[in-house]
Amino acid sequence: MELPLLNRYELMWIFVFFDLPVVEKKERKDAAKFRNLLLDNGFDMVQYSIYTRLFSGKDACKKYYRLIQNNLPKEGKVDILTVTDAQYANIISFNGRTKQEKKSQEQLLLF
C-alpha cells in the first residue's frame with residue numbers, strides 16, 4: 001500500500017509571534033520558559049520572538065494551539081498565524097542586503 005504525499009496546500013506552518021516583558025527577573029524567566037517550551041516541541045527560531053513549525057495539516061495544529069494557550073506567560077502578547085506551505089513558499093527574506101532563499105522542507109516517507 002502506498003501512502004499519498006501531502007500537497008503544499010495540506011502542509012501547514014504555524015508561526016508564533018510574541019512580545020513578552022523582560023524587565024524583571026521573573027519576567028525574563030517566564031519568557032525563557034515560553035521560548036524553551038516552543039523549542040522542546042519542535043519549533044525553530046526564525047527571529048528572536050518568532051518561532052515556526054511545519055505540520056501535516058490543520059488537525060495536527062490544534063494540539064499545539066492548546067499547548068501554547070495553556071503555557072502563556074501572565075503578561076505580554078502572543079499571536080499564532082497558520083499558513084499553507086504554498087503560501088510560505090512566497091516569502092522573501094534578506095540577511096543584511098543579501099537575499100536568502102527559503103529552505104524547502106523534504107517530505108519523508110516512512111516504510
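With which residue does lysine 26 form a salt bridge, and how far apart are the closest N and O atoms? In this predicted model, the partner of lysine 26 is aspartate 30, and the closest N and O atoms are 3.0 Å apart. Both residues belong to helix H1, where they are four residues apart, about one turn of the helix. Lysine 26 is exposed, because its relative accessibility of 56% is over 50%. Aspartate 30, with a relative accessible area of 23%, is partly exposed.

Side chains of opposite charge can pair when their charged atoms come close. The count of salt bridges in the model comes to three, as listed below.

| Salt bridge | Closest N and O atoms |
|---|---|
| Lysine 26 and aspartate 30 | 3.0 Å |
| Aspartate 59 and lysine 62 | 3.5 Å |
| Lysine 77 and aspartate 79 | 2.9 Å |

Aspartate 59 and lysine 62 both lie in helix H2, which covers residues 58-70. These two residues are three residues apart, about one turn of the helix. Aspartate 59 counts as exposed at 62% relative accessibility, whereas lysine 62 is partly exposed, with a relative accessible area of 45%. In the pair formed by lysine 77 and aspartate 79, aspartate 79 is partly exposed at 34% relative accessibility.

A further feature concerns charge on the surface. Lys25, Arg28, Lys29 and Lys33 form a positive surface patch. One of these residues, lysine 33, is located in helix H1, which spans residues 25-40. Lysine 33 has a relative accessible area of 62% and is therefore exposed, the cut-off being over 50%.

Note on methods: Residues numbered from 1 in each chain as written. Predicted model: local features only at pLDDT ≥ 70, side-chain atom pairs only at ≥ 80, totals over all residues. Heavy atoms only, no water. Patch = residues over 30% accessible without salt bridge, like charges linked within 9 Å, V, L, I, M, F, W, Y side chains within 5 Å. Areas by Shrake-Rupley, 256 points an atom, 1.4 Å probe, with all protein chains shown as cover. Salt bridge = Lys/Arg side-chain N within 4 Å of Asp/Glu carboxyl O. Lys, Arg positive; Asp, Glu negative; His and termini not counted. Charge placed at Lys NZ, Arg CZ, Asp CG, Glu CD. Buried < 20%, exposed > 50% of the residue type's maximum accessible area, 1.4 Å probe, protein only.
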